[in-house]
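User: Could you walk me through how to read helix packing and a buried polar side chain? I would like the general idea and then the case at hand.

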Amino acid sequence: MIDTFYLPGRVCPTKAIREIAQKATEPYTMICLKPDIEWVYLGQERMIQVLEMTQATMVYADHFAKIGDVVTEAPVIDYQIGALRDDFDFGAVMLWDTAKLKAIVAQMDTEYEFAGLYDLRLRGDGLQVTGYGNVPFVHIPEYLYYEVETDTRKSGEKLFDYVNPANRAVQIEMEQCVTAHLKRIGAYLKPGEYKKISDIRIQDSEYPVTASVIIPCKNRARTIADAVHSALAQKVRDGYSFNVIVVDDNSTDGTAEKISEIRSQNSDLIVIHQDKTWHAIGGNWNVAIHDPRCGKYAIQLDSDDTYFDETTVQKFIDAFESGNYGMVIGTYQLTNMAGETLPPGVIDHREWTDDNGRNNALRINGLGAPRGFYVPLLRTINYPTTKYGEDYAVGLRISRDYPIGRIYDVVYNCRRWEDNSDANCDIVAMNRNNWYKDRLRTFELLARLQSSKI
């Protein structure tokens, strides 16, 4: 009942997908992305059963990962219509309805070198996009097989694969593929069709300073002083001004005391101490941008990072005032705590284009850093009250209606250390984070689909 085929990973040519469709003769086609799959007793039969019950196009399942003699659970997450990233993890086994697979492949009209499998599943998805939750790929939350895990890097080491220059050719094709998908389903945003930022512009005199550096923090006693001093050391030209707003979210490790010590020597430093309710990073940002002491532009500085030099704030001000931007994103370099550069080095997101950046934003996991915002606009959008993905949510929302400016000079040091929130996530945390970003994409995709109907 099953024809089984092997592909050496998610990156593959369209030609390989066509060959599978041509050779498949059984009712079900199994595509394996890793060799040496070992099945739980009746695991394949269960996949067939669920495929028949749901009439899905494809089913996939939780599994076990083997690293040497160690076996661990490797659950995956539900697919949703916003799961547009090309690295979505279905596991190593996908069971397809052969007739539907052949029908999808017959419509594949672009010959990709790398995006063949991505094109297959986007087309399979796009055929049935009619509303939230209506997806053709069904996740079976049962552990049905064992696969050998070959990528044993920590989550923080995998995080920057999609911006590694070595993967540039792959990323270009993936962008072409998702753009074609968005056009097919009616969610594509055409170049240059933006609202005017001037429509929400208000008098500069209503802002006490030109720009505010926003530093949300919680339990960063080791790094907060470096961040705050980096912000206070900024220089701006005559006619411009800035302040620094630190939002401490109930730190218990001495962070608040370090901030108070700096504040005693720098009266211009603004410190906001949060109450005991839930805030997370997004809520801390909201408190800062709605504070009457906030400037016209709000510029990000995470509590374990530093600015590259004393010109960062002025570069953001210049970028905002050179264009009609709702948001400006800079360039950062990865370093360790000693300031030594870590691979892949400079992250400038040059894959962003004015014409297609906001469409490709639905595929990639982030838009870059550091981020600056036009505060009157940000106050109408606000951050989601969460500690992960909050910046991505705001970036997606702004990109739908307003242009985003870029600074390609290095302006920021992203310091990697053991306490980074994404340094070494376990599978549960990674799944939670990936699911949430897919949900953000789903919200945004639905909004774009609705906008296209107006």
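Predicted model: local features only at pLDDT ≥ 70, side-chain atom pairs only at ≥ 80, totals over all residues.

User: Which residues in helix 7 meet which residues in helix 8?

Analyst: Residues are numbered from 1 along each chain as its sequence is written, and side-chain values use heavy atoms, leaving out hydrogens and water. Contact means heavy atoms within 4.5 Å. Here Ile 224, Ala 225, Val 228, His 229 and Leu 232 of helix 7 meet Thr 255, Lys 258, Ile 259 and Ile 262 of helix 8. By class, this contact has 6 nonpolar, 2 polar and 1 charged residues.

User: At what angle do helix 7 and helix 8 pack?

Analyst: Angles run from 0 to 180 degrees between N-to-C directions. Helix 7 (residues 224–232) and helix 8 (residues 255–265) pack at about 30 degrees, their axes 10 Å apart. The two are therefore roughly parallel (angles under 35 degrees).

User: Is Asn 284 buried or exposed?

Analyst: Buried means under 20% relative accessible area. Asn 284, found in helix 9 (residues 280–289), is buried at 3%.

User: Which side chains make polar contacts with the side chain of Asn 284?

Analyst: A polar contact is a pair of N or O atoms within 3.5 Å; within protein, one must be able to donate a hydrogen and the other to accept it. The side chain of Asn 284 has such a contact with that of Gln 274 at 2.8 Å, and another with that of Asp 249 at 3.5 Å. Leaving aside neighbours within four places in sequence, the residues in contact with Asn 284 also include Pro 216, Val 247 and His 279.

Key. Helix = DSSP H or I, 4+ residues; strand = E, 2+ residues; numbered from the N terminus. Parallel < 35°, antiparallel > 145°, perpendicular 65-115°, else oblique. Nonpolar A, V, L, I, M, F, W, Y, C, P; charged D, E, K, R; others polar. Buried < 20%, exposed > 50% of the residue type's maximum accessible area, 1.4 Å probe, protein only.
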